[in-house]
Amino acid sequence: MPEIVLEARDLNVSYVRRRRRDNRVVKDVSFTIDSGQTLALVGESGSGKTTVARAVVGLVRAEGQLLFGSAGEPLQTRRTRALRRQIPMVFQDPRSSLNPRMLVGDVLNEGWAVHPEVAPAGDRRQALVTLLERVGLTEGLLSSRPAQLSGGQCQRVSIARAIALRPRLLVCDEAVSALDVSVQAQILHLLIDLKAELEIALLFITHDLGVVRQIADSVAVMEDGRIVEQGPTEQVFTAPSHPYSQDLLDAALDLAPADGPGRAGSQELSEQRSAETPRQHRSRRPRFNEE
Ligand SMILES: Nc1ncnc2c1ncn2[C@@H]1O[C@H](COP(=O)(O)OP(=O)(O)OP(=O)(O)O)[C@@H](O)[C@H]1O
Ligand SMILES: [Mg+2]
């Protein structure tokens, strides 16, 4: 039996509270994510995907239950709040998610200061260098500020900040959408590698159904705050049961020319990956200080 990392049961979120009106933007949302698995959350703009992500990491209050790990510990209590350390989030806009005044080294150190229980023992600078190398960056960037980095580098720093806390679940909200197509593929490779190396589960929110097919084990489709369909990726792609999922797939096919930019990232990803063994793939991982 796979181990459950997160179970969401009947989540409901309202930003505005008014009597006698249903203002929920997330409605009775339930899903589970198993250890090391990727659940993709898709759906049109405004369907509530980001709000679900924000509820999972504790940035908005949700009614319903969020249960962590196989023991099903509730995340919404004061006592278990520390567990949230294991569920960091990577945001869409890599630049605005980093404090422009902080040096990269301080950004990465910050999490360890707040959660000393996962801070590395011994040489802290060496630990920072190892962390940077893990996301394809080098020591030289430790004393840079976000404004001196490219979008791709910033996103790598955000990912490094997240994995520094030894997460069990990484929440990625359109984490590659704001990047250049070629950089998108690189960041996706990185996430796929890290997921395997560190056995992290992913809650991956994206508009790009090509990417979903590459990265996700299962898919949940949202419409107007509700999950209208969920299941294994291949099943949802080949035999969508809800008319909305069918529409979404049709729209994606209409929008994506065979070799157009919308598909290039995922196509390149699939071609490279199918031609390589995992070991070849890891050893190919380049450094991106010049990205
Ligand atoms: N801070 C907020 N205050 C009030 N309403 C909000 C807030 N954030 C989001 N909403 C509303 O909640 C609904 C869901 O928004 P959300 O951002 O979760 O959608 P989304 O699926 O992530 O959309 P997109 O694909 O465009 O990112 C929308 O109607 C949005 O206008
Ligand atoms: Mg969103």
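1. A residue counts as buried when its relative accessible area is under 20%. By that cut-off, 50% of the 291 residues of the chain are buried. Please keep in mind that this is a predicted model.

2. Overall make-up. The chain holds 10 helices and 10 strands. Among contacts with a separation of 6 or more, 68% join residues 24 or more positions apart.

3. The sheet. Strands of a sheet pair through backbone hydrogen bonds, either parallel or antiparallel. Here, 6 strands form an open sheet, and the pairing is mixed. Their order is β6-β7-β8-β3-β9-β10. The edges are β6 (89-90) and β10 (226-232), each of which pairs on one side only.

4. One pairing in detail. Strand β3 (residues 38-43) runs parallel to strand β8 (residues 201-205). The two are joined by 4 bridges.

5. Is α1 mostly covered or mostly open? Mostly covered. Of its 9 residues, 7 are buried. These are K49, T51, V52, A53, A55, V56 and V57. Note that a lysine, K49, is on the buried list. After α1 comes G58, and the phi of G58 is positive, near 85°.

6. A helix pair. Two packed helices are described by the angle between their axes and the distance between the axes. Take helix α2 (residues 104-114) and helix α4 (residues 151-163). Their axes come within 8 Å and cross at roughly 25°. Angles under 35 degrees count as roughly parallel, and α2 and α4 are therefore roughly parallel to each other. Their crossing is right-handed.

7. Which residues make the contact between α2 and α4? From α2 come V104, V107 and L108. From α4 come V157, A160 and R161. The residues of this contact divide into 5 nonpolar, no polar and 1 charged. Arg counts as charged, so R161 in α4 is the charged one.

8. After that, turn to the right-handed crossing of α2 and α4.

Conventions
Residues numbered from 1 in each chain as written. Chains lettered and ligands numbered in written order. Predicted model: local features only at pLDDT ≥ 70, side-chain atom pairs only at ≥ 80, totals over all residues. Heavy atoms only, no water. Axes fitted to C-alpha atoms, helices over the stretch in contact; angles between N-to-C directions. Parallel < 35°, antiparallel > 145°, perpendicular 65-115°, else oblique. Left-handed = near helix turned anticlockwise from the far one by under 90°. Contact = heavy atoms within 4.5 Å. Pairing = 2+ DSSP bridges. Buried < 20%, exposed > 50% of the residue type's maximum accessible area, 1.4 Å probe, protein only.
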